[in-house]
Amino acid sequence: MSKPLTGKVALVTGGSRGLGAATVRLLAEQGADVAFTYVSSENQAQTVVDEVRGKGTKAVAFKSDQADMSRAPALIDDVVAHFGGLDILVNNAAISVGQGRTVDDPDADTAALDRMHATNYLGVIAVIRAASRVLRAGGRIITVSSGLGSRVGTPGVADYSATKSGVERYTMGVARDLGPRDITANVVEAGLMESGMQPPNPETLKALVSSLSLQRMGHPEEIAAAIVFLASPAASYVTGAVLDAHGGYNA
Ligand SMILES: NC(=O)c1ccc[n+]([C@@H]2O[C@H](COP(=O)([O-])OP(=O)(O)OC[C@H]3O[C@@H](n4cnc5c(N)ncnc54)[C@H](OP(=O)(O)O)[C@@H]3O)[C@@H](O)[C@H]2O)c1
C-alpha cells in the first residue's frame, strides 16, 4: 500500500540529533525521500542515514552551516541534484545560547548570541528563500519554533525568543507569498523536549515543566508527529497556522 508521502522529497535542517532526527525518521516512514543537514555531528548524521536506508527509504546528509547565509542556495541545489526536486522543507536547525542570562549581563557572550541570531533567524530565511525557488506545487514549509516564540515566560531568554518569534512571523509572510502556488507554510511551536536543547539550570527547568498543562517534558517523536501532519496531504488547507506542541504552555 502506498504511504502518504511516497514520491515526496523532504529537506530537514538539523537532522543529525534530537527533534530533527525524529522528524527525518518519521518522514521516511511515511514514504518520503529525506535529505537533512548538520554542522558538526558527522557520525550521528551517518547513523541516521544508515538507519533510514536500512528501512528501504532514500536518505542523504549534507554538512551545511546554517549560520552562513551564503550556503543556502548551494544546499538546495545539492538536494535537487540528489533527489530531482523538493516538496517539503522543515526548518528545524537552531541553537540556544545564553539562556538564564538577562540582557543587562555585563559578561554576556555577544559573539555566541550573534551566531544564534545568524543560525536561528537569518539562516532560516536564507534556506526558505532558496527553497522557495524550487518547491513544487503542493509543497510544504514547516518552521520549528518554540513556546518562547509567542510567549516569553521566564527571564533570560530574550535573544532566543526573538529568533523564534522572528521566524514565526517570516513563515506567516511566506504563507501569503506562496499560497497562490499551492505551497503551505506553517509553524510548529515545540516545547521542552528530552533532547539536546534544554535550559542549563535545573531549577529553571523544574519551573518551566510545572508551567505546562501536561506537567512533563515532550518526546521528540511527539513533536515530529505534528510536523509530519503538516507535511501530509491531510493538511492541504492549513496554512499560516501555528500548531502548539508544547504540552499546554499557553493554555
Ligand atoms: N529541545 C527543546 O526543549 C526545544 C524546545 C522548544 C523548541 N525547540 C526547537 O526545536 C528544534 C530542535 O531542537 P533540538 O532540541 O532537537 O536541538 P538539538 O538536539 O540541539 O539538535 C540541533 C540540530 O541542529 C543542527 N544545527 C545546529 N546548528 C546548526 C548550524 N549552524 N547549521 C546546521 N545545522 C545546525 C545540529 O547539528 P549538529 O548535530 O551537527 O550540531 C542538530 O542536528 C530547534 O528549532 C529548537 O529551537 C527545542
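# A guided look at this predicted model

Trainee: In which strand is alanine 190 found?
Mentor: Welcome! What we have here is a predicted model. In this model, alanine 190 is found in strand β6.

Trainee: Does alanine 190 count as buried or exposed?
Mentor: A residue is buried if 20 or more other C-beta atoms lie within 10 Å of its own. Alanine 190 has 31 C-beta neighbours inside 10 Å, so alanine 190 counts as buried.

Trainee: Which residues is alanine 190 in contact with, leaving aside its neighbours within four places in sequence?
Mentor: We set aside the neighbours within four places in sequence. What remains in contact with alanine 190 is Leu19, Val144, Ser146, Ile223, Ala245 and His246.

Trainee: How far apart in space are alanine 190 and tyrosine 249, C-alpha to C-alpha?
Mentor: Along the sequence, alanine 190 and tyrosine 249 are 59 residues apart. In space, C-alpha to C-alpha, the distance between alanine 190 and tyrosine 249 is 9.9 Å.

Trainee: Is aspartate 244 buried or partly exposed?
Mentor: Aspartate 244 is found in strand β7, residues 242-245. Buried would take 20 or more other C-beta atoms within 10 Å, and exposed 12 or fewer. Aspartate 244 has 18 other C-beta atoms within 10 Å, so aspartate 244 is partly exposed.

Trainee: Which residues does aspartate 244 touch, not counting residues up to four places away in sequence?
Mentor: Start by skipping the residues up to four places away in sequence. Aspartate 244 then touches Glu189 and Asn250.

Trainee: What separates the C-alpha atoms of aspartate 244 and aspartate 104?
Mentor: Along the chain, aspartate 244 and aspartate 104 are 140 residues apart. Their C-alpha atoms are separated by 31 Å.

Trainee: On to strand pairing. Which residue is the bridge partner of valine 12 in β4?
Mentor: β1 and β4 pair in the parallel sense over 3 bridges. Within this pairing, valine 12 has as its bridge partner in β4 valine 90.

Trainee: And which residue is the bridge partner of valine 90 in β5?
Mentor: β4 pairs with β5 in the parallel sense, over 4 bridges. The partner of valine 90 in β5 is isoleucine 142.

Trainee: Which residues of β4 are buried on its two sides?
Mentor: In a regular strand the side chains alternate between the two faces of the sheet. Both faces of β4 are covered. Buried on one side are Ile88 and Val90, and buried on the other are Leu89 and Asn91.

Trainee: What handedness does the β-α-β unit of β4, α4 and β5 have?
Mentor: As we saw, β4 and β5 pair in the parallel sense. Together with α4, these strands make a β-α-β unit that is right-handed.

Trainee: Where is the kink in α4 centred?
Mentor: Helix α4 covers residues 110-132 and reaches 32 Å from its first C-alpha to its last, close to the 33 Å expected. Still, α4 has a kink of about 35°. The kink is centred on leucine 122.

Trainee: Which elements are included in what covers the buried residues of α4?
Mentor: The buried residues of α4 include Met116, Gly123 and Val127. What covers the buried residues of α4 includes β1, α3, β4, β5 and α5.

Trainee: And which elements are included in what covers the buried residues of α5?
Mentor: Among the buried residues of α5 are Tyr160, Val167 and Val174. Their cover includes β4, α4, β5 and β6.

Trainee: Through which helix does the chain cross from β2 to β3?
Mentor: Strands β2 and β3 run parallel and are joined by 5 bridges. The β-α-β crossover from β2 to β3 is right-handed, and the chain makes it through helix α2.

Trainee: Which element gives the most residues to the shell around the ligand?
Mentor: The ligand is surrounded by 33 residues, and the closest are Gly14, Gly18, Ser41, Gly196 and Met197. The elements that give two or more residues to this shell are α1, β2 and β5. With 3 residues, the element that gives the most is α1.

Trainee: Last one: is glutamine 215 buried or exposed?
Mentor: Glutamine 215 lies in the loop between α6 and α7. Its phi is positive, about 60°, although glutamine 215 is not a glycine. Glutamine 215 has 10 other C-beta atoms within 10 Å, so glutamine 215 is exposed.

Terms used
Residues are numbered from 1 along each chain as its sequence is written. This is a predicted model: local features need pLDDT of at least 70, side-chain atom pairs count only at pLDDT 80 or more; totals for chains, interfaces and linings use all residues. The expected span of a helix is 1.5 Å times one less than its number of residues. The bend at a residue is the angle between axes fitted to the seven residues ending there and the seven starting there. Two residues are in contact if their C-beta atoms, placed from the backbone, lie within 7 Å. Two strands pair if DSSP finds at least two bridges between them. A crossover is right-handed if, with the strands pointing away from the viewer, the path from the first strand over the helix to the second runs clockwise. A residue is near a molecule or strand if its C-beta atom, placed from the backbone, lies within 6 Å of it.
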